[in-house]
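The following exercises ask for the placement, accessibility and contacts of two residues. Each task is followed by a worked solution.

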Amino acid sequence: MKWIDELKSFWNGYNHALVNGSDVHLSDEKEKQAFERKKQQLKERKAQIVKAVSNAQIVGCHYVDHKEEVRYGIHHMYLIRQKNNFYIEESVEERKAVYAKGKLIGGNSILSDGNTGEKTKITSEAEKDARDLRFSYNRLQAVKYAERWWNSYNPGYRRFDVDCTNYVSQCLHAGGAPMRGYPNRSKGWWYQNNNWSYSWSVAHALRWYLSSSQTGLKAKEMTNPSQLAPGDVICYDFDGDGRWQHNTIVVAKDKNNMPLVNAHTTNSRMRYWAYEDSTAWTPKIQYKFFHIIDDHR
């Protein structure tokens, strides 16, 4: 299968370009722009990828119109140096590549970072009769959970095709955030009996829940990502149209005190918070920075 060698050659060239700051041929314009933004972002952060490794696993292939379409998963690992600090950024994507006569002629990622789920706004609800849900947020446990499941799925919860918000909700709950609102899916934040609220699984809904909740899981909106701590949440509106599409959880801070995040859908670990290396990124992107409120501090 000559295309396996072509696939290895492509990703070796891609990684070589990242490490050395050189150019790489990318047929997809969005991927090309994302690659250039990643290089520029590293430069601005005074960070450098000193080693890059990508491991692919073939999922399947079939022939269409004398072309061979290969589906595969790829795991990227980047050793990043920033000042005297080193850390590993990782991501896993499901992709496809198209070959003709053994030559790579096109390829694109199958899954994107954006949440294509429902646009459901959770509005502020009457809290006067809500029971006291004060809690102490254990940020260490939230981060430990985020690290444990960043590239796998807890069988105790349903796995969604667009899983970013479900994953972040699980991390928050692992940190002690209490559920409330069951069984009304449009109220509260909960997962119970293989059912869940919109705010548990839909990016747009969680963004509004964090803005409005007055009991149980609550958050304070911050103006700058440097104000966040591990265990906090970042929400993304890639198109800047008011439809919030993605959520991540902060797991660490870099040497410039900026967040590094974990996420699902495109499973990512220790990714720089701004997502400028995503094909979903646009110049109109909007962010919301939420610091989880600890009632007992």
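Two exercises on this predicted model follow.

**Exercise 1.** Locate His264, decide whether it is buried or exposed, and describe the polar contacts of its side chain.

*Solution.* 
Step 1. His264 sits in the loop that links β10 (259–263) to β11 (267–272).
Step 2. The relative accessibility of His264 is 2%; because buried means under 20%, His264 counts as buried.
Step 3. Beyond the neighbours within four places in sequence, the residues in contact with His264 are Trp149, Trp150, Asn151, Ser152, Tyr153, Asp163, Cys164, Tyr167 and His246.
Step 4. Two of these residues return when polar atoms are examined. The side chain of His264 makes a polar contact of 2.6 Å with the side chain of Asp163. A polar atom of the His264 side chain also lies 3.4 Å from the backbone oxygen of Ser152.

**Exercise 2.** Which strand holds Glu68, is Glu68 buried or exposed, and which residues is Glu68 in contact with?

*Solution.* 
Step 1. Glu68 belongs to strand β2, which covers residues 67–82.
Step 2. With a relative accessibility of 11%, against a limit of under 20%, Glu68 is therefore classed as buried.
Step 3. Once neighbours within four places in sequence are set aside, Glu68 is in contact with Trp3, Cys61, His62, Tyr63, Ala97, Val98 and Tyr99.
Step 4. Within this set, Tyr63 joins Glu68 through a side-chain polar contact of 3.3 Å.

Technical notes. Residues numbered from 1 in each chain as written. Predicted model: local features only at pLDDT ≥ 70, side-chain atom pairs only at ≥ 80, totals over all residues. Heavy atoms only, no water. Helix = DSSP H or I, 4+ residues; strand = E, 2+ residues; numbered from the N terminus. Buried < 20%, exposed > 50% of the residue type's maximum accessible area, 1.4 Å probe, protein only. Contact = heavy atoms within 4.5 Å. Polar contact = N/O pair within 3.5 Å; in protein donor to acceptor, adjacent residues only side chain to side chain.
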